[in-house]
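Let's take a friendly walk through a protein model, looking at how its parts touch one another. Have the sequence and the 3D view ready as you read.

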Amino acid sequence: MPSPSSPSGVNRLFLILSLNFALFGASMTVFGATLPEIIRAMDWSYLVAGVIIASNSFAYFVTTFVSGMMVHKIGLGRLMLGGLLLQGLGIGMFGTTRNILLNLGAFMLVGIGQGAIEIVTNFSVVQMEARGRSRLMNLIHSAFTVGAILAPFLTGALISGGIAWRSIYVALAATSFAMMGVFCLPSARFQIFDGGHSPSQGGSLKILKHPALLLLALTMFLYVGTEIGISSWISEFFVTQFELAPSTAAYLVSLFWLGILLGRLGTSLLYKGNQQARLLLIFSLGSAISLGTALLTRNAAASAALFFCTGLGFSTIYPTVITIVGDRYAHARGVAIGFVSTTGGIGMCIFPFIMSGIANQTELRSGFWFYLLVTLLMTATTAAAFWRTRTHPAANDAPS
């Protein structure tokens, strides 16, 4: 039998991680696809829905930081199994009652599980990646996007067929538990291939002072909050702004994520260079232009097409940031990846909550204009990160 570190062993592990990341993507987007149904079934305000989203994100970002710090002590395998268990429990419990606190607690469990899964996956794939490249990282995040597309699509089909929206949550919970069994197989055994020191071994917390890392973390903070925010609210946006049926609007979540999928696949297959920071800047600018134009149009089809283009612009930002960080800070990989993932989780927590407050006081479209502002700020931080990585190509770029 091939060892886990042999080429065939690595390929098998990558395939299993990809399947699991597709499940992760589905669990991330199912709430947004079912949001119009949930709001009406539970009689929630936009603010309550925003608090539920924020609770998940809060648990996620705390877990990503702790997991990044402790990954070497806990072990990749145990961390993954714990993440899948909590994800399955939380998503299975969600929606079984109208009680807001119980639903909030269930969604926090999901966030804790997702945070652990995120760190294990990114940490593992960065080790498999050729230096300076992002092909595997874009591929693994393409798998995430496949799940992010399928969940809303199936949700729309279920609702159209008169099947309760809770069914998709039960199915995702069962799949999470099944994946725990898959990760117990010998072919799914994890291994630390290289690099990475815990803070006690390498003093890696010092890297949190590095300007390039801080700029990349800020980019992730702005990006994830906007991406998940749009994904969570786009179906409700088309229900209120264009009077689409909730079952039809659920497909718009899939369309947005289809843009992200095609962008990631295209980058993985077609881009052969190693100018990751430049790639980051170009795609960020494209996302800002597309989102701004989408909000200006009053035609449903044109707006949907432009949200698809926004997804294309967003597509490579997350995997590219993780690639740059994992390559640049290989000596402290766990802490570096954990840190930028945590800032993304903070953005995912804060921005949808702010947006729901804006929408509650004004209208939903105003909340989406807020997301455009955040996207423009993100583009500015990618430009600053591009400049910093060009002028300071080495990782030890702490301020002098």
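Leaving aside its neighbours within four places in sequence, which residues is tryptophan 369 in contact with? In this predicted model, tryptophan 369 touches Gly292, Leu295 and Leu296. You can find tryptophan 369 in helix H14. With a relative accessible area of 35%, tryptophan 369 lies between the 20% and 50% cut-offs, so it counts as partly exposed.

| Residue | Relative accessible area | Class |
|---|---|---|
| Phenylalanine 237 | 0% | buried |
| Phenylalanine 368 | 0% | buried |
| Tryptophan 369 | 35% | partly exposed |

Now for the aromatic rings. The model has 28 aromatic pairs. In one of them, the rings of phenylalanine 237 and phenylalanine 368 have centres 4.5 Å apart. Their planes meet at 45°, so this pair is tilted: the angle falls between the limits of 30 degrees for stacked and 60 degrees for edge-to-face. The pair also links distant parts of the chain, since phenylalanine 237 sits in helix H8 (residues 211–242) and phenylalanine 368 in helix H14 (residues 364–391), 131 residues apart. Both belong to one aromatic cluster, whose members also include Phe221, Phe307 and Tyr371.

What does phenylalanine 307 touch, not counting residues up to four places away in sequence? Its contacts include Phe237 and Phe368, the two rings of the tilted pair, along with Ile230, Ile234, Phe238, Phe256, Leu291, Ala294 and Leu295.

Finally, let's look at two helices side by side. Two packed helices are described by the angle between their axes and the distance between the axes. Helix H4 (residues 100–128) and helix H12 (residues 317–328) pack at an angle of about 60°, and their axes are 10 Å apart. That angle makes H4 oblique to H12. The crossing of H4 past H12 is right-handed. Where they meet, Glu118, Asn122 and Val126 come from H4, while Tyr318, Ile322 and Gly326 come from H12.

Definitions and conventions
Residues are numbered from 1 along each chain as its sequence is written. This is a predicted model: local features need pLDDT of at least 70, side-chain atom pairs count only at pLDDT 80 or more; totals for chains, interfaces and linings use all residues. Side-chain values use heavy atoms; hydrogens and water are left out. Rings of Phe, Tyr and Trp (its six-membered ring) pair if their centres lie within 6.5 Å; planes under 30 degrees apart count as stacked, over 60 as edge-to-face and the rest as tilted. Helices (H or I, at least four residues) and strands (E, at least two) are DSSP runs, numbered from the N terminus. Buried means under 20% relative accessible area, exposed over 50%, partly exposed in between (1.4 Å probe, protein chains only). Contact means heavy atoms within 4.5 Å. Axes are lines fitted to C-alpha atoms, for helices over the stretch in contact, and angles run from 0 to 180 degrees between N-to-C directions. Angles under 35 degrees count as roughly parallel, over 145 as roughly antiparallel, 65 to 115 as roughly perpendicular and the rest as oblique. A crossing is left-handed if the near helix is turned anticlockwise from the far one by less than a right angle, and right-handed if clockwise.
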